[in-house]
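Colleague: I have the sequence and the coordinates open. Could you take me through some features?

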Amino acid sequence: MSTEPLLQLRGVNKSFGNAHVLHDVDFSVYPGQVTALVGDNGAGKSTLVKVVAGIYGRDNGDYIYDGKQVEVHGPRDVAELGVEVVYQDLALCDNLDIVENMFLGRETRKGLVLDETEMESRARETLASLSVRTVKSVRQSVASLSGGQRQTVAIAKAVLWNSRIVLLDEPTAALGVAQTRQVLDLVRRLADRGLGVVLISHNMGDVFEVADRITALYLGRVAADVATSDVNNSQVVELITAGRSGSLGISDNPATATV
Amino acid sequence: MSTTPTTPRTSPEGGDKMATGDFAGDNRSAATLRDSVGDYVGRLRGGDMGSLPAILGLVVLLVVFGLASDEFFSLLNMANLAVQAGPICLLAMGLVFVLLLGEIDLSAGVAGGVAATVAAQFIVDRGLPWYVAVLAAIAVGALIGLIIGELVSRLGIPSFVVTLAFFLGLQGVILYMIGEGGSVRVADPVIRGLTIENVPVAAGWVAAVLLTLAFAAGSLLRQRRQVANNLQHDPMSVVLIKISVVAVVILGLTAMLNINRSLNPVFPIAGIPYVIPVVVVLLILWTFVLNRTAFGRHLYAVGGNAEAARRAGINVLRMRVYAFVICSSMAAISGIVQSSYTGKVSTASGGGNVLLYAVGAAVIGGTSLFGGKGRALDAVLGGIVIATIANGLGLLNQASFINYLVTGGVLLLAASVDAISRRRRSAAGI
């Protein structure tokens, strides 16, 4: 890769009691690129995301952000670095409108009073900058939105704070065809704006459509970290299910990988 | 999965075109009055009825009681009704905060009774001035709310159980303080005056006009600011209609209460009972807190989705405690106003159907029992409905069993409307 990674994990291990979940994992996120994180159930995707998000600590290994090693002690530190995670359940309040949800917990105020003018304008700007045209009004309640629109609001909420990396956990899992289309377009636009995007997905169609790089996890190890253009669908599926595919994948005896 | 053919990545330009072509732009205002009405009807159909049941119910009740009793529409009874509604509205306003979080406070009525007892005894037994007594009573209410809130949020006991225990326990506290079968007289001129004295006619008019002008100016300035900053706004016609409705209500009530309603020509009675300004001031205060402050926003968020609120960095446990503290403090104020109306505090104060009246008021007004939805204004509208029922049935000299049956029925009806409208809301996605 020509560009330097914005975020890099090097040699990360993570165990829960006896279960060694992540083995010497190297993971990089590049600005302006979509990195797909793929792997079977139990491969360690969620654990890796939670380590990146600061929810889990690391047993060892480096957390390098913008070329500098940083100490991360919790989700707040990570948010301050400009890394936002959009979880699968989105965490939106149905009884609040889009603006209220986007600013929840970080409302701008003038003295004691909420500054609605500022918040509504900024929410609208952010949605417009992401070319979101699917919502009728930024003042409609989130309950009235479709699944794709809700995903859009959750993503817009994540980028509102000038974040530089956004992790998306299965953003299209519950969506229909047209809505998947909207969200994938949005994912692509985020990367085009220079953000580092991590897309966690089971759907190979989505991965091959928007991802620039693919990181495949197999039983807690990185089986491959490759450019999307260098692999095809069946190779990735082999990497996910067997940990190797031809010259790619875990090169040593796969039996040790299962320890 | 392996059968999916490898597809080349779609260019972002293609994606953009799709998004542009498929969807309309962001809409900043309902352009006309007709659009606004259409939106409103759509919300009603979807089950978001707001205060409509309260207003319709009030109209029906006024017609029924007006036909059934000659006295009902007399000026004296109307003023009496307004005073009766006071304590119910105040207690219901407090309950809105707890209901917003999807919790319940069954002890609010008797907490008000305890607070009123404290206030009455401070004045009668210790000769303290009324404001000290009132502040002490509110502090007692706040303390009760704090304990309930901590038990609910830290220990995770369902609020239903905690407050049921307090409902019983606090009745014991009142009995202990007053003694079996006793009562404490409330004779302090200020506290007693809340419900039996009236604002001078001229002052009442000035306050009513100022309040109306303030509302009109606030609404118009807000609309201008929204238009200037290109925010979403109501059309001017809707703003004007809202201002007119508020003006008619405020000025109409003032006019009615400022007419001499005395049956005795020697002693004229005219003016707004002092309890009404108390309710109005607290209504404005809590509406401001709920709509314009981060605290209010966070309360709604916790009521709508506590997990989302927690992830947004809101201290959910602390918000719960605050809600119970506000509820019990308002209960204290309500208890004092009730003691002012009856002229005494007795061992039964705050018990019986006081709490159910207030819960009924909040729910009839449009506050949801499921949390996340409710306004201070709901409590006032619902409180007027409940007070009308109590007042009307009282005039008809019905046996008291009817009173209980009707009130229980109304509460159940309101809860059913809430549950059904909630189901329709989730079906319609509003």
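Colleague: Is B:Val245 buried, partly exposed or exposed?

Modeller: B:Val245 counts as partly exposed, because its relative accessibility is 48%. Buried means under 20% relative accessible area, exposed means over 50%, and partly exposed lies in between (1.4 Å probe, protein chains only). Please note that this is a predicted model, in which local features need pLDDT of at least 70 and side-chain atom pairs count only at pLDDT 80 or more, while totals for chains, interfaces and linings use all residues. Residues are numbered from 1 along each chain as its sequence is written, chains are lettered from A and ligands numbered from 1 in the order in which they are written, and side-chain values use heavy atoms, with hydrogens and water left out.

Colleague: Where is B:Val245 placed?

Modeller: B:Val245 is in helix α10 of chain B. Helices are DSSP runs of H or I with at least four residues, strands are runs of E with at least two, and both are numbered from the N terminus.

Colleague: Which residues make the nonpolar surface patch?

Modeller: B:Leu33, B:Val37, B:Val41, B:Ile241, B:Val245, B:Val249 and B:Leu253 make a nonpolar surface patch of about 540 Å². Patch residues have over 30% relative accessible area and no salt bridge, and nonpolar side chains (Val, Leu, Ile, Met, Phe, Trp, Tyr) are joined within 5 Å, like charges within 9 Å. A salt bridge is a side-chain nitrogen of Lys or Arg within 4 Å of a carboxyl oxygen of Asp or Glu. Areas come from the Shrake-Rupley method with a 1.4 Å probe.

Colleague: Which helix gives the most to the nonpolar patch?

Modeller: α10(B) does, with four residues.

Colleague: Now the cysteines. How many disulfides does a search of the whole structure find?

Modeller: Zero, over all chains; a disulfide is a pair of cysteine sulfur atoms within 2.5 Å.

Colleague: Turning to α7(B), which of its residues are buried?

Modeller: B:Ser159, B:Val162, B:Thr163, B:Phe166, B:Leu170, B:Ile174 and B:Ile178 are buried. Their cover includes α5, α6, β1, α14 and β2 of chain B, where contact means heavy atoms within 4.5 Å.

Colleague: What follows α7(B)?

Modeller: B:Gly179 follows α7(B), with a positive phi near 95°.
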